[in-house]
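Welcome! Take a moment to look over the sequence and the structure, and then let us walk through some of the details together.

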Amino acid sequence: MTRILDVSGLHTYYGRIQALKGVDVVVDKGEIVTLIGANGAGKSTLLMTICGKPRATAGKIIYDGQDITHMETFQIVRQGIAQSPEGRRIFSRMTVLENLQMGATTGNPADFDGDLERVYTLFPRLKQRQTQRSGTMSGGEQQMLAIGRALMSRPRLLLLDEPSLGLAPLVVKQIFEVIKEINEQQGVTVFLVEQNAYHALKLAHRGYVMKTGSITMSGTGKELLASSEVRSAYLEGGH
Amino acid sequence: MAGFKTAALPREGLSGAFLSALATAVVVLVLTIPTVGLKTDESGGSLIVTRHFDTVAWLVGLAFVGRLVMSLFMARRAVKPGEQKKAGPSAMDRFAAAVARNGTKIGAVGLVIAVLLPFVTSNYLIDFGTNVLIYVMLGWGLNIVVGLAGLLDLGYVAFYAVGAYTVALLATNVGLGFWACLPLAGLFAAAFGVVLGFPVLRLRGDYLAIVTLGFGEIIRLVLLNWQNVTNGPNGIGGIPRPTLFGLPFAAHSATGPTFAEFFGLEFSPSQRFIFLYFVILALALLTNFFTIRMRRLPVGRAWEALREDEIACRAIGINATNIKLSAFAIGAMFAGFAGSFFATRLGFISPESFTFTESATILAIVVLGGMGSQLGVVLAAIMLVSLNEAGRWFSFLGDIALYRPLIYGGAMVVIMLVRPRGLLAHRQPSILLHGSDGPKESLVPNDGLAASTGELP
Ligand SMILES: Nc1ncnc2c1ncn2[C@@H]1O[C@H](COP(=O)(O)OP(=O)(O)OP(=O)(O)O)[C@@H](O)[C@H]1O
Ligand SMILES: [Mg+2]
């Protein structure tokens with residue numbers, strides 16, 4: 001297996017608050033890796049730091065053999081990393097199609113039609129709604145759009161920050177199925193941050209647990225699901 | 001504004017209407033005692049205060065009756081709060097949507113009228129049209145920065161000034177003509193746009209507004225105080241008028257044939273008015289076509305995306321720095337063009353023409369027109385320039401020019417109450433699908449409606 005992402009000893013500060021305290025995470029090509037952790041643990045911060053904003057104060061981020069720690073965000077994205085950030089952040093006054101076009105900013109225009117078709121195959125709902133102003137869509141549809149937009153740049157590594165946030169169980173299931181499909185059929189490596197620990201760990205090949213800025217546990221999805229610590233902290237009370 | 005507030009929730013019948021009318025009357029009384037009731041006149045070196053309380057009484061009475069009639073009228077067609085939403089888009093919303101749908105047709109008709117105007121009207125109207133077109137051009141230019149890229153710029157007039165002074169200095173010191181100066185003025189203003197852009201790259205919203213405001217003032221103060229170069233408050237005169245391929249618009253010329261002589265016409269000053277009118281019309285149209293073109297290009301859509309969400313912009317690989325700088329630079333360039341026209345039209349400029357009020361007027365045109373709406377800018381520019389001229393038109397009513405700021409402010413308040421997102425706020429998708437001539441009405445709710453459901457721009 002080849003390593004696509006290698007994060008080592010990462011420190012990130014917001015002013016004087018230290019959000020990441022030496023994080024080590026690796027992701028291999030073709031994997032789905034899940035990161036779970038309590039609110040405020042630093043999960044979003046890790047994804048954002050990988051994309052260069054905020055900047056890491058110490059540590060290294062190697063993507064595909066290349067040190068991207070000090071690159072500008074737009075350059076990092078052009079290396080083949082796409083992020084669907086926390087809170088979706090779609091361009092709400094633009095139509096669905098325009099959002100997808102924006103996602104293709106870094107791509108080759110010749111690929112556009114094919115990529116659009118692929119996204120529409122994953123999310124037929126988006127095709128029906130392509131002329132709708134995206135801000136007026138339902139939360140689930142907006143999440144589909146956020147993932148679709150990220151896919152439009154043909155990423156090799158897809159970073160997803162809480163794609164199931166605020167969605168009905170049925171839609172959550174649908175989203176996770178699509179993530180699996182993206183990974184298996186399109187060969188995209190996925191690094192997934194989730195609160196929905198049960199679903200996420202079942203889906204993932206491997207997982208990490210983060211607590212107040214540090215990784216406290218790692219293992220295969222099955223191992224973590226079976227661990228009593230994970231069960232008591234993140235899975236109690238059903239799923 | 002107590003009256004307007006209560007209008008939204010009609011209270012029980014007559015007593016409610018009476019109370020709100022009373023409240024309105026009190027507000028009008030408080031406002032008009034200092035603004036209308038007391039007038040200072042200069043007499044022999046001292047100020048005498050004259051009282052006009054009869055006018056105040058009239059205005060208060062008018063406000064009371066007007067408010068009463070208004071609430072009684074509203075009460076009759078009042079809708080229960082729950083039903084209001086279902087009533088669908090208001091007439092104005094539908095009008096704005098219709099205008100947006102037929103934008104090209106309306107634009108074409110407007111263009112024909114604009115081209116024919118100078119041949120059928122008086123010098124005064126041509127001059128009026130030229131004024132309107134200057135503001136239209138400035139509005140379109142600022143629309144790139146504020147309407148498309150969402151960067152609130154309160155110092156836009158600075159670039160207008162840079163353009164004007166570039167022409168004035170190059171013409172009087174180097175001896176260049178207007179047409180040679182024009183591109184240089186645009187270039188120079190664009191460079192200033194980048195100079196402003198760099199320090200404010202990380203700022204947004206209120207903070208950006210404050211810094212741009214300061215920038216505008218800095219430019220004006222430099223022009224005012226750099227005596228050796230700008231001649232300070234006395235300004236620069238003797239700026240040459242534009243020529244038509246070297247043919248000047250004058251009665252005689254020492255260097256060759258004039259426009260009138262060349263075409264064998266009788267010389268008349270209105271030829272120059274008409275020519276200037278067409279120059280600014282062409283410049284304004286250039287701005288418009290450029291903006292429309294840009295909106296369809298990746299950079300234009302990146303501007304819009306930047307306005308929506310900067311973090312998302314970076315996350316999809318847009319170089320936000322370059323996109324912001326390009327918005328500032330291009331917006332500034334058009335202000336520079338407009339400024340160079342301003343200088344050559346008057347032949348004289350001074351820092352007085354580039355005050356904050358001017359920035360505020362241009363911004364008002366963009367906001368009143370409906371951010372991002374090209375036709376809205378035209379409508380708003382015509383309205384504001386008309387307001388400026390209203391003092392002259394209604395001079396038979398007395399010295400109403402004195403009340404211009406009051407009328408101006410009042411008109412803006414009313415427009416913002418009736419159309420909170422601007423006169424013609426309605427965003428058209430910049431890309432459409434092959435073969436369809438437009439998205440279905442039901443699928444693209446217009447911005448006016450979105451505003452009423454609580455979404456902010
Ligand atoms: N822009 C910021 N400025 C200051 N502090 C921040 C900022 N963003 C995050 N933090 C802090 O950094 C810590 C980690 O936040 P982060 O958003 O990474 O948590 P998270 O694990 O994603 O939580 P959640 O599951 O709630 O999304 C928190 O203590 C948070 O308050
Ligand atoms: Mg988070």
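## Two helices that cross in chain B

In this predicted model, helix 14 (residues 298-308) of chain B meets helix 16 (residues 320-346) of chain B: their axes come within 10 Å and cross at roughly 105°. Angles of 65 to 115 degrees count as roughly perpendicular, and helix 14 of chain B and helix 16 of chain B are therefore roughly perpendicular to each other.

Which residues make this contact? From helix 14 of chain B come B:V299, B:A302, B:W303 and B:L306, while helix 16 of chain B brings B:A320, B:I323, B:K324, B:S326, B:A327 and B:I330.

## The surroundings of ligand 1

Now move over to ligand 1, which has 13 residues around it. The closest are A:K43, A:S44, A:T45, A:E86 and A:Q195. Which helix gives the most to this shell? That is helix 1 (residues 43-50) of chain A, with three residues.

A polar side-chain atom of A:S44 sits 2.6 Å from an oxygen atom of ligand 1, and a backbone N or O atom of A:G40 lies 2.8 Å from an oxygen atom of the ligand. For A:E162, an N or O atom in the side chain is 3.2 Å from an oxygen atom of ligand 1. On its own, ligand 1 has 630 Å² of accessible area, and the protein covers 61% of it.

Most residues other than glycine have a negative phi, and most peptide bonds are trans.

The peptide bond that joins A:K53 and A:P54 is cis, with omega about 0°. You will find A:P54 in the loop between helix 1 and strand 4 (58-63) of chain A.

A:D64 is not a glycine, yet has a positive phi of about 55°. Look for A:D64 in the loop between strand 4 and strand 5 (66-67) of chain A.

Terms used. Residues are numbered from 1 along each chain as its sequence is written. Chains are lettered from A and ligands numbered from 1 in the order in which they are written. This is a predicted model: local features need pLDDT of at least 70, side-chain atom pairs count only at pLDDT 80 or more; totals for chains, interfaces and linings use all residues. Side-chain values use heavy atoms; hydrogens and water are left out. A residue is near a molecule or strand if one of its heavy atoms lies within 4 Å of it. A polar contact is a pair of N or O atoms within 3.5 Å; within protein, one must be able to donate a hydrogen and the other to accept it, and residues adjacent in sequence count only if both atoms are side-chain atoms. Accessible areas come from the Shrake-Rupley method with a 1.4 Å probe; for residues, only the protein chains shown count as cover. Helices (H or I, at least four residues) and strands (E, at least two) are DSSP runs, numbered from the N terminus. Axes are lines fitted to C-alpha atoms, for helices over the stretch in contact, and angles run from 0 to 180 degrees between N-to-C directions. Angles under 35 degrees count as roughly parallel, over 145 as roughly antiparallel, 65 to 115 as roughly perpendicular and the rest as oblique. Contact means heavy atoms within 4.5 Å.
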